[in-house]
Amino acid sequence: MTTDAGGIVGEFLSLKESTDADVLAMQCGDFYEFFADDAELVADELDLKVSQKSSHGSSYPMAGVPLTELTPYLTALVERGYRVAVAEQYETDDGHARRIERVVSPGTVVDPDGAAARWLAAVEYDDGSDEPWGVAFAEVTTGRFHAAAVADLDDVRAELHRFAPVELLPGPGVRDDDARLADLRESTDARLTLHEAEAFAPGRARHRLGDHFGDQALAAVGLDADPAVAAAGAVLHYVDETGAGVLASMTRLGGLDPGGRVALDATTQRNLELVETMQGERDGTLLSTLDHTETAAGTRLLREWLTRPRRDREELERRGAAVEAFASAALARDRLLDTLDGTADLERLAARATSGSAGPRDLAAVRSALGRLPELAAAIDGTELADSPVPDVLARPDQDAARALHDELADAIAAEPPGSVVGDGGVIARGYDEELDELVEEYEEAVEWLDTLAEREKRSHGLTHVSVDRNKTDGYYIQVGKSVAGQAPEHYREIKTLKNSKRFVTEELEERERTVLRMEERREELERRILDEVRERVASESEVLQDVGRALAELDTLASLGHHAATNDWVRPEFTDGDELVVEAGRHPVVERTTDFVPNDLRMDRERGFLIVTGPNMSGKSTYMRQCALISLLAQAGSFVPADAATLPLVDGVYTRVGALDELAQGRSTFMVEMQELSNILHSATEDSLVILDEVGRGTATYDGISIAWAATEYLHNEVRAKTLFATHYHELTALADHLPRVANVHVAAEERDGDVTFLRRVREGPTDRSYGVHVADLAGVPGPVVARADAVLDRLREEKAIEAKGAGGGDDGTKQAVFDLAAGEFVAGGGNGESDDAAAGIDTAPNGAGDGTAAATEGSLAGAAAGDGAGGQDDPEVAAVLEALRETDVNETPPVELMAKVQEWQTRLENGE
Ligand code: ADP
């Protein structure tokens with residue numbers, strides 16, 4: 001380490017001042033040092049030892065890591081979300097100075113060993129554009145780059161969920177608006193980095209993108225809107241600025257393919273547990289269940305397919321045919337997967353070659369991966385795979401270029417080169433470079449001379465116990481055992497005495513040593529130069545490497561899907577242009593793995609497009625609906641599906657909203673969130689979408705809830721016309737089937753025998769006859785008398801076959817009662833003065849009877865009820881008192897047991913009063 005301590009800390013602090021990175025690592029000789037606050041921080045985060053450095057009378061904490069060990073520390077810091085500036089030392093006329101050469105951040109760290117992609121994102125907003133949001137995503141370790149304009153924040157969220165970036169650059173249009181920034185912050189776990197605003201200027205961004213990807217690239221992916229261009233340009237600028245050196249690996253600009261894409265918002269991706277469970281785990285997801293890939297690139301691609309289903313039928317048929325071939329050709333599949341096993345990650349290696357960080361082993365790995373192409377071709381040839389789209393996948397990359405590169409690497413790089421150190425030789429293969437070959441030959445002769453020296457010395461001087469060796473301090477020496485050291489010849493010059501021996505050198509030995517050292521130096525120089533040339537050559541073919549990497553990943557993914565299909569009895573779905581959706585004996589792809597699963601059918605078509613799913617709690621409603629959504633999604637990922645047969649339309653989006661209660665319990669949802677999700681579905685879904693609603697309106701009081709559920713059903717049925725599965729505990733909704741032509745009821749059956757309920761897990765036509773809630777209360781250990789009483793109350797309520805909404809009509813003219821008439825499926829005025837008017841007006845089954853009116857009417861009714869003197873028996877003071885108590889009871893605030901007790905008390909009072 002350099003000695004000028006005061007200067008070093010000063011230099012450190014001023015460099016730190018000049019960067020917006022969180023931490024600075026500054027090279028000081030053989031170490032990278034962190035000082036002051038940074039030392040404390042890295043010591044805390046990375047368990048490094050802190051010492052004190054005094055400088056100009058003050059003492060500073062200091063921590064350091066050896067030069068060669070920086071990468072793992074950098075990666076660890078970056079993984080914790082820090083941006084780290086790295087200052088390198090360079091020679092000046094009067095000593096050393098340092099400058100910041102790169103800034104490593106979560107999205108630009110080049111050397112992560114993990115398999116997961118590490119996306120860097122930028123998001124910009126500009127309300128002057130039709131599609132005001134721009135998003136861009138880049139992955140520096142593989143060189144992937146995608147950008148597009150999207151219409152609204154939900155689309156931004158969906159992309160953020162899909163890419164799961166580790167670092168995000170919000171543009172000025174986002175960060176200058178607190179609400180927008182807060183929205184974005186909430187939509188991602190990425191570290192937000194405020195990159196310079198000028199990088200987002202659309203003019204400059206357009207220029208930079210054109211320079212980098214070629215002028216045609218923007219038009220080719222339809223990148224036109226300013227915010228999208230700004231986001232893409234900023235990402236490019238940031239990667240360049242941070243000096244990771246990988247800019248050149250980003251060779252292709254990709255879009256987000258909105259045309260062929262299936263809308264899958266962030267909520268739905270989460271609800272369906274595609275790549276992460278609701279609890280945030282990887283296990284138990286669709287991805288982890290399906291993933292039998294052999295390579296990291298295969299896993300990445302499978303993830304991409306599952307989170308980005310397609311509508312493009314041709315592509316889906318192609319994938320389907322390939323999966324089918326893999327499913328039936330078990331032997332060929334296994335052979336192919338074996339061949340892929342352990343294949344290096346070519347997309348990543350291409351990026352390393354481009355950034356100059358690829359070592360000899362990396363290049364050997366590239367060679368070996370390229371060398372698999374013929375093996376893979378052989379694994380396919382002559383098997384059932386040969387008649388499928390599988391060979392085309394393999395044939396896609398430029399074969400000649402791949403072969404040429406492979407052969408060059410085979411010629412240039414030794415069969416088993418050493419790791420990252422160049423210096424001990426053995427990196428470059430013999431026969432590649434004449435000069436190197438000659439040198440190595442001479443070197444080997446010299447080493448041979450040294451190796452045999454001991455023998456010669458023994459013979460010519462009659463010495464026993466002689467050896468020749470080499471170490472750092474003494475160089476080459478002749479070591480003679482102490483007992484015979486006295487017999488050492490004249491020309492031996494003693495250099496050291498040890499306990500049992502003495503060390504000597506001779507002039508000749510020193511001369512040879514100088515030659516050997518010279519040759520080693522020269523060899524290192526030559527090997528480095530050749531390695532650099534080879535690396536550059538590989539970098540120049542990074543597009544080919546990416547193509548081959550992509551092809552191998554695709555084979556891996558297809559074979560993995562084939563394997564899963566074959567081992568789990570899945571079928572290839574058939575796609576239809578019609579409206580029919582038929583699944584025979586469908587199963588839930590994840591639950592079927594761990595449960596003795598009861599398969600169920602699903603049948604929907606033009607006349608039957610909206611299913612209301614009822615059934616007791618825990619009977620399997622959610623599972624059924626999710627399995628339907630997952631089957632549709634799997635099919636459009638190109639996979640087989642868990643069913644005996646499936647005929648499916650190509651949907652343009654899958655939308656889900658899941659029970660507020662589940663989510664409420666996990667502190668994740670509020671009624672507001674529930675309504676926002678519903679609102680998004682009602683706005684975004686189309687006739688070609690699949691909508692899954694698992695309880696709507698549970699997060700609010702009964703009347704509100706039922707009104708909203710009712711209105712949403714009508715709207716989805718009449719206006720949106722999306723295929724919908726709607727599970728609800730509001731029995732009243734089952735009556736809708738009588739009024740809305742495309743609504744049908746199904747229920748998940750349960751059987752009650754001798755007071756015990758058995759869940760059959762069978763989906764049957766028609767509504768369920770009861771909710772079994774009381775049974776669940778029983779299961780949960782609610783005291784016997786309460787359960788018995790609840791049963792009795794329930795029976796009585798059923799007899800009455802109505803729920804009531806008390807309400808005031810329009811004005812001060814007294815109170816009316818609205819009764820929900822199950823038979824008619826609507827609220828009718830009843831009781832009171834018998835007039836039918838405003839109280840009922842908000843809810844009807846007319847096609848356009850939507851939300852606002854109903855909710856307002858219900859609220860009005862409840863408020864109004866308190867003012868009047870009630871319906872029926874209003875002259876009786878006891879009845880009035882009971883009504884008063886009823887009005888004042890907050891159902892949401894009163895525990896069920898207490899509520900039952902109250903009802904019981906009111907009943908007694910009413911009976912006595914009558
Ligand atoms: P609900 O939505 O009606 O409350 P769930 O869908 O959450 O019920 O299912 C309750 C339980 O039943 C879950 O543990 C689930 O694994 C199991 N289950 C659901 N459907 C099936 C089925 N078809 N076969 C076997 N088990 C099932």
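What is the relative accessible area of P418?

Modeller: P418 has a relative accessible area of 22%, and is therefore partly exposed, where buried means under 20%, exposed over 50% and partly exposed in between, with a 1.4 Å probe and protein chains only. The areas themselves come from the Shrake-Rupley method. Before going on, please keep in mind that this is a predicted model, in which local features need pLDDT of at least 70 and side-chain atom pairs count only at pLDDT 80 or more, while totals for chains, interfaces and linings use all residues. Residues are numbered from 1 along each chain as its sequence is written, and side-chain values use heavy atoms, with hydrogens and water left out.

P418 sits in the loop that runs between α18 (399-412) and α19, helices being DSSP runs of H or I with at least four residues and strands runs of E with at least two, numbered from the N terminus. Leaving aside residues up to four places away in sequence, P418 touches P360, R361, G425, G426 and V427, a contact being heavy atoms within 4.5 Å. The C-alpha atoms of P418 and G359 are separated by 9.1 Å, although these two are 59 residues apart along the chain.

Helix α19 spans residues 434-461 and holds E448, which is partly exposed because its relative accessible area is 47%. E448 belongs to a surface patch of negative charge that also includes E434, E438, E441, E442, E445 and D451. Such a patch is made of residues with over 30% relative accessible area and no salt bridge, like charges being joined within 9 Å; Asp and Glu count as negative, and the place of their charge is taken as CG of Asp or CD of Glu. A salt bridge, in turn, is a side-chain nitrogen of Lys or Arg within 4 Å of a carboxyl oxygen of Asp or Glu.

The loop between α19 and β13 (466-471) contains H465, which counts as exposed because its relative accessible area is 55%. The backbone at H465 deserves attention, with phi near 50 degrees, a positive value in a residue other than glycine. Most residues other than glycine have a negative phi. A further positive value, near 55 degrees, is found at D569, in the loop between α22 (542-567) and β17 (574-576), and D569 is exposed, with a relative accessible area of 59%.

Notes:
Patch = residues over 30% accessible without salt bridge, like charges linked within 9 Å, V, L, I, M, F, W, Y side chains within 5 Å. Areas by Shrake-Rupley, 256 points an atom, 1.4 Å probe, with all protein chains shown as cover.
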